[in-house]
Amino acid sequence: MFPRMIIDLSKIRRNIEKLSEKLGKSGIDMVGVTKLFMGEPALAKAYLEAGAKILADSRHENITRMKNSGIEGPFMIIRIPPLSHIPMLKETVEYYLVSEPEVAMRIDEEVKGAKMIYMVDVGDLREGVMYYEAVEEIEKVKKTLKNSSIIGVGTNIGCFGGVLPTKENLNRIVKVAKSVDAQVISVGGTVYLISFEKGELPKEINQMRIGEAALLGTDVTGNREIPYLEQGTVIFEAEIIELKTKPSVPDGPIGYDSMGRKPIFEDKGKRLRAIIAAGEQDINPSGLTPLDEGAEVIHSSSDHTIIDVTEVQRPLKVGDILRFRMNYSATLRAMTSPYVEKVWLE
Ligand SMILES: *Cc1c(COP(=O)(O)O)cnc(C)c1O
């Protein structure tokens, strides 16, 4: 059935192998992040077989799914657990990212022998204690723990503020790690590969949490395809439901579209436009790249996406399938859409 996404697990497996080998040579353990594919057990298996040391997900549902499929872990929860979720995690999860004394103390009470990584904000402004307040807070929390330990410190950049790694923000985490005697310095996500490749990653950093690079071969924050990895791991397919030549600019005064945006149209005269049966509920249209040369994604509403196919060489008709490469946000949306079938290729 269409729409559907085709996920090429053999490409992903090769990406994981390459990454874990490269990182391993520099003494960095790869943590395989599964959240983009909702804890798909086949992916979890591929991560472990290809050399990832820990499986990480942001949602307890995904970790439970892996566990119930016979995946042993070890598991890391990479979103700070809400207090109310700790009971769902305590039997399965060994590694916890934390950033609040209350959370650390509750984990210590409820989870036997939890290993915590205290998150430090080095500038991206998502989770973590600000780096200049980190040592004091971490030392204070350490004194309160009875059953668990803070094994290390961690940091996250690229995800919220779009911050790139620099000598300065890398040194911030290393400095905190030294002051609190951390065994593990955990960085993520994918954007840290830039520093790794340039040899700018401090040698103290020994863990990297990676999702996007392994799964898509790209680095959205660094705005690049990673040259030694494979892209096109995920392909979106949708069916043409209308194919007509129409003007390229709507007729009438333009207000806001169904998503509350003000659309802008370029007047290219009359164009051949395909409507595919997929929209904002299924994908992020700006994250689709047509595989047909000359095709261009114009705009979506909730259930329809318009593709300009005037320049496409092959003859098209209603019922034909258009195929697209997917970026991180398009993949994320499609994975969580019940309307998109998921097909895994081994
Ligand atoms: C999503 C996430 C990652 C992985 O990021 P990618 O950019 O997909 O590699 C790492 N750490 C944390 C805390 C995350 O939430």
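## Salt bridges in the predicted model

A salt bridge is here a side-chain nitrogen of Lys or Arg within 4 Å of a carboxyl oxygen of Asp or Glu. In this predicted model, R333 and E280 form such a pair, with an N to O distance of 3.0 Å. The two residues belong to distant parts of the chain, 53 residues apart, R333 lying in helix α10 (residues 328-335) and E280 in the loop between β14 (270-276) and β15 (288-290). R333 is partly exposed at a relative accessible area of 30%, whereas E280, at 11%, is buried. Both residues also belong to a network of salt bridges that links D257, R261, E280 and R333.

A search of the whole structure gives 26 salt bridges.

## Two further pairs

The closest N and O atoms of R65 and E40 are 2.9 Å apart. E40 counts as buried because its relative accessible area of 13% falls under the 20% limit, while R65, with 34%, is partly exposed.

D320 and K317 also meet through their side chains in a salt bridge, at 3.0 Å from N to O. D320 is buried, with a relative accessibility of 13%, and K317 is exposed, with 53%.

The chain is divided into domain 1 (9-225) and domain 2 (234-345), whose centres, taken over C-alpha atoms, are separated by 35 Å. In the contact between them, twelve residues of domain 1 meet eleven residues of domain 2. The two domains bury about 1100 Å² between them, and 74% of this area is on carbon and sulfur atoms. L36, F37 and L216 supply 45% of the area that domain 1 buries against domain 2, more than any other three residues.

Polar links across this interface comprise two residue pairs in polar contact, counted at pLDDT 80 or more for both residues, and the salt-bridge rule finds one salt bridge between the domains. The side chains of R325 and E225 meet in a salt bridge with an N to O distance of 2.6 Å. On the side of domain 1 that touches domain 2, α1 (9-25) and α9 (212-216) each supply at least two residues, and α9 gives the most, with three residues. By class, that side of domain 1 has seven nonpolar, one polar and four charged residues.

Key: Residues numbered from 1 in each chain as written. Predicted model: local features only at pLDDT ≥ 70, side-chain atom pairs only at ≥ 80, totals over all residues. Heavy atoms only, no water. Buried < 20%, exposed > 50% of the residue type's maximum accessible area, 1.4 Å probe, protein only. Helix = DSSP H or I, 4+ residues; strand = E, 2+ residues; numbered from the N terminus. Domains from an automatic or database assignment. Contact = heavy atoms within 4.5 Å. Buried area = accessible area lost by both parts, 1.4 Å probe. Polar contact = N/O pair within 3.5 Å; in protein donor to acceptor, adjacent residues only side chain to side chain. Nonpolar A, V, L, I, M, F, W, Y, C, P; charged D, E, K, R; others polar.
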